[in-house]
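Hi there,

Here is the structure I promised to pass on to you. Have a look at it first, and then read my notes below.

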Amino acid sequence: MIRLRDVSKQYSIGGSAVTALDAVSMDLNQGDFVCLRGPSGSGKTTLLLTIGGMQRPTSGTVGVAETEDIYALGDRARARLRAHHIGFVFQLFHLVPYLNVSGNIALGARNRGNPGEHVDALIDRLRLGHRRYHKPTQLSAGECQRVAVARALASQPDVILADEPTGNLDDENASIVIDALAEFCRGGIVLLATHSEREPEYVNRAFDVSGGLVKER
Amino acid sequence: MTIIRLICSELYGRKTTFLLSALAVTAAVALCTSFVLTEAANQRETKRLMRDLGFNLRVVPAATDMNHFYLTGFSDQTMPEDSLDRLAAVKNLSYNHLVSVLHGKIEVGDREFLLLGLSEERAPPGRAKPPMVKAVESSQIHIGSEVAKQMQWKKGDKVDVNGHPLQIARCMPEMGSTDDVRIVGSLSDVQKILGLNNQINEIKAIDCLCLTPADNPQDILKAEITRTLPDTRVVMLSNIAEARARQRQTSDRHAKFVVVAVIFVAAAWVGVMALINTRQRASEIGLFRALGYGSLSVAGLVLGRAVLIGLLAAIIGTALGTWCAMTYGPSIFQVTARAIQPQPTLFWYAILATPLFAAAASLIPAALAVTQDPAQVLRRQ
């Protein structure tokens, strides 16, 4: 369901070229809970954004779901693909400050026929019922991340790309988030980027990312 | 969640930037509305003031001794009274407010005064305007302040002028000019008094050219008039004509400048506020991209916001501007206050134009939002 073939990404910073991804190839399938581990600046985020159709690689092809190369699509088609097939979870949550919990989750469910019911189910599943009408500024970090996970799940994607989703969380909240991702993973793919040495328990495939090189352990 | 709901939530959630933007557009709409509503009164007032400067065009018989004309203030020659009818019958002329005048000197007792007969005011075809000079009724006269003082005449007195019994209908205040020694009557009465039946010695008018930079207005007017009245000479009171033209043009230019300045400042303000808003929402826009919102949706967020602000500002601004014009306009334009009236069409123009204006002012921020690299924003963690 995810196919990367010789994906490279080079940046130019201050006139010198930086290789963020170096000829990365991988095949990921339904049920894969993938951990991308590496230090900051190793290329994990670049890889997630590239798979998510947010950052065009310098070379190589990225296939998601039935699409052979998502960068061969136009902007609109790629946006549609993201809306239907990909969910993002960020370390800093990126919640919309003027929307309440329900509204933030509904953002992810905008392509669904009856988002209200689905949003309610996600709110209950991530134990946010008592926070339904609260704004992000009224939530704890753990609650914010649970909202972000619910938003990513709301579109019922095939893939969830999670960039350090537990980086700012205590153990209890980290566990809730990872449990929710693992539950999703039964029917999809989770790519989880972390710089932590500790590997989440549900991970069934792990990759080390260093200097733009990605190697499966 | 629909774009419109997102926009409304954002406006409600970020009240300060919303209110500041709405305030700018509302103020611009209110200013433009009150300006437009009072402009008619302003123009009328300006015209009125300029008209009060007096006639600036004098048509006298061609044989007039100009020394006499300038020394006494009137022509020593006469022309037929129907000259006015001929002039007033010609279409597309550059003058208006035509009046026949018969001037002469007259002795009343041992005093010498100026006697002036005025006809009804006439206008060329299709250009009728409220008269500038109110005609004196038959058998009545208006007298200057010195005449009243020296003759000890007052309003209502019946007096004898060269054997003609006339009633004083008005004693004019001191004008500081030859008007103070003038007796003004109807043209027919003055013709009888002076023994010049069906004769006039001048046609007065106001030119309507208002200075054309390429042409000489005097040449144009002289050509127009002498075509109809070949035996006449046209004297233009250049100072009055120029003052009149310049004042009207200055007033027009000022009106245009104020409206353009207000619109420009409001556009700049709305644009800057939209830019601040877009920068403030950089990570939010990045997130929307990640959630699958396309360029159109992102542009719609910025432009839709501007359109909503414009719509709200149009409603409040026209109401506020109309209220200001109706409340404060009459104290500014006291004579022409009746010209200040609410204009419902202005409201519909504002409803159409203001959202477009606000959206146009937000085009650059919208373009920045669309072209912003979401990956770069989202990786700033």
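Let me start with strand 3 (residues 33–37) of chain A, which pairs with strand 8 (residues 205–210) of chain A through four bridges, in the parallel sense. In that pairing, A:Cys35 sits opposite A:Ala206 of strand 8. Before going on, please keep in mind that this is a predicted model.

Strand 3 of chain A has another parallel partner: five bridges join it to strand 7 (residues 189–194) of chain A. There, A:Phe33 has A:Val190 as its bridge partner.

So how buried is strand 3 of chain A? Five of its five residues are buried, so the strand is largely enclosed by the rest of the structure. A:Phe33, A:Cys35 and A:Arg37 point one way, while A:Val34 and A:Leu36 point the other way.

Now for the cores. The largest nonpolar core has 58 residues, and A:Leu36 is one of those with the most contacts inside it, along with A:Leu4, A:Met26, A:Leu47, A:Val64 and A:Leu191. The element that gives the most to this core is helix 2 (residues 15–51) of chain B, with five residues. Setting aside residues up to four places away in sequence, A:Leu36 touches, among others, A:Met26, A:Leu47, A:Leu191, A:Phe207 and A:Val209. There is also a second, separate core of 39 residues, which includes A:Phe33, A:Ile105, A:Ala148 and A:Val177.

You will find A:Ile178 in helix 6 (residues 171–185) of chain A, and it is buried, with a relative accessible area of 10%. A:Tyr202 is 24 residues away from A:Ile178 along the chain, yet their C-alpha atoms are separated by 8.1 Å.

Last, a pair of helices. The axes of helix 3 (residues 101–108) and helix 5 (residues 141–154), both of chain A, come within 6 Å and cross at roughly 35°. This crossing of helix 3 and helix 5 of chain A is right-handed. On the helix 3 side, the contact involves A:Val101, A:Asn104, A:Ile105, A:Leu107 and A:Gly108, and these meet A:Val147, A:Ala150, A:Arg151 and A:Ala154 of helix 5. By class, that contact has six nonpolar, two polar and one charged residues.

Cheers

Terms used: Residues are numbered from 1 along each chain as its sequence is written. Chains are lettered from A and ligands numbered from 1 in the order in which they are written. This is a predicted model: local features need pLDDT of at least 70, side-chain atom pairs count only at pLDDT 80 or more; totals for chains, interfaces and linings use all residues. Side-chain values use heavy atoms; hydrogens and water are left out. Axes are lines fitted to C-alpha atoms, for helices over the stretch in contact, and angles run from 0 to 180 degrees between N-to-C directions. Helices (H or I, at least four residues) and strands (E, at least two) are DSSP runs, numbered from the N terminus. A crossing is left-handed if the near helix is turned anticlockwise from the far one by less than a right angle, and right-handed if clockwise. Contact means heavy atoms within 4.5 Å. Ala, Val, Leu, Ile, Met, Phe, Trp, Tyr, Cys and Pro count as nonpolar, Asp, Glu, Lys and Arg as charged, and the others, Gly among them, as polar. A nonpolar core is a set of buried Ala, Val, Leu, Ile, Met, Phe, Trp, Tyr and Cys residues joined through side-chain atoms within 4.5 Å. Buried means under 20% relative accessible area, exposed over 50%, partly exposed in between (1.4 Å probe, protein chains only). Two strands pair if DSSP finds at least two bridges between them.
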